Amino acid sequence: MVIFKKVIDIQSFISDLKARGEVISFIPTMGALHKGHIFLVENARKAGGITVASIFVNPTQFNDKEDFKHYPISVEADIDMLTEAGCDILFLPDVSEVYPNGTENMPTYDFGYLETILEGAHRPGHFKGVGQVVARLLDIVKPDRLYMGQKDYQQCMVIKDLLRQTNSSTQMVVSPTVREDDGLAMSSRNRRLNELQREVAGVIYQCLVSIVAKKGSDFTVVKKECEDILKAKGFDPEYIELADADTLHLNNSYTNGRQVALIAAKLGSIRLIDNMLIE
Ligand code: AMP
């Protein structure tokens, strides 16, 4: 795997590859890699061409300074995992490479309704930061395909909208969520859970499974049950919602269309999110 830290170097390397007709697949990450990230790399590799991953903990998408300060970092282990997975290129820039002139004069994107609900409502400014960094990374890497995880469902929708707004020719590929044995969605933040928190963390998944299984019943009742279960296990639930899977318009009840159930809950200071499609 070739590692680049400078924008100018990765750009010239990739432009040579593209000139030779290579297809570029890109997996942006914030590091502290786990099997969920590696699954994206594997899916990209299966599609052929060159696989590029990035590791950059983007300060502008953290609305919570403490979350940023404690975000896990494990670059050496990440490099080993990516190498083993057969990733071709790693972009590992520092902040001054990604934002050489600061962020003040960079373009910002308006994601409208998507920014006002769920993660957008609970993490003000988060999607502005995500849009800003992904736009910048896409401009550097210029991938043909962009691999993202369903675990961050709303983020996938925001980035789809970014691709639309920028008339990008990059195709987005969404991979299903990789889970631990007890159903807990793999996440870099899981590393911060203590033993007791880790024991109960799978309850979010169980709640999602029950929301899916109870399709057709009164969602208000199901939601209250989930809220009570989460609270009893020591969670502080932020939202438990049903939404249209294509528009993310919130539904107060089960519908006949494709829906997605989404949960965000805190265990101590650690905020976990997960979702499940109801087909
Ligand atoms: P992050 O490093 O958390 O910014 O995640 C980088 C990419 O990996 C995003 O597209 C995430 O949605 C995806 N991802 C994170 N966790 C998982 C998981 N458990 N399964 C599948 N994809 C994931």
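Colleague: Why does F13 count as partly exposed?

Modeller: F13 has 31% relative accessibility. Buried means under 20% relative accessible area, exposed means over 50%, and partly exposed lies in between, with a 1.4 Å probe and protein chains only. F13 therefore counts as partly exposed. This is a predicted model, in which local features need pLDDT of at least 70, side-chain atom pairs count only at pLDDT 80 or more, and totals for chains, interfaces and linings use all residues. Residues are numbered from 1 along each chain as its sequence is written, and side-chain values use heavy atoms, with hydrogens and water left out.

Colleague: What makes F4 and F13 an aromatic pair, and why is the pair called tilted?

Modeller: Rings of Phe, Tyr and Trp (its six-membered ring) pair if their centres lie within 6.5 Å; planes under 30 degrees apart count as stacked, over 60 as edge-to-face and the rest as tilted. The centres of F4 and F13 are 5.0 Å apart, with 50° between the planes, and the pair is tilted. F4 has 10% relative accessibility, so F4 counts as buried.

Colleague: Why is the pair of F62 and Y71 called edge-to-face?

Modeller: The planes of F62 and Y71 stand at 75°, with 5.6 Å centre to centre, and the pair is edge-to-face. F62 is buried at 11% relative accessibility, and Y71 is buried at 9%. F62, F68 and Y71 form one aromatic cluster.

Colleague: What makes strand β9 largely enclosed by the rest of the structure?

Modeller: Strand β9 covers residues 259-267, and eight of its nine residues are buried, so β9 is largely enclosed. Strands here are DSSP runs (E, at least two residues), numbered from the N terminus.

Colleague: How do you know that β9 pairs with β7 and β10?

Modeller: Two strands pair if DSSP finds at least two bridges between them. Nine antiparallel bridges link β9 to β7 (residues 235-244), and nine bridges join β9 to the antiparallel strand β10 (residues 270-278). A265 in β9 stands opposite P237 and also opposite L272 in β10. β9 and β10 form a hairpin with two residues between them, and G268 in the turn has a positive phi of about 60°.

Methods
Helices (H or I, at least four residues) and strands (E, at least two) are DSSP runs, numbered from the N terminus.
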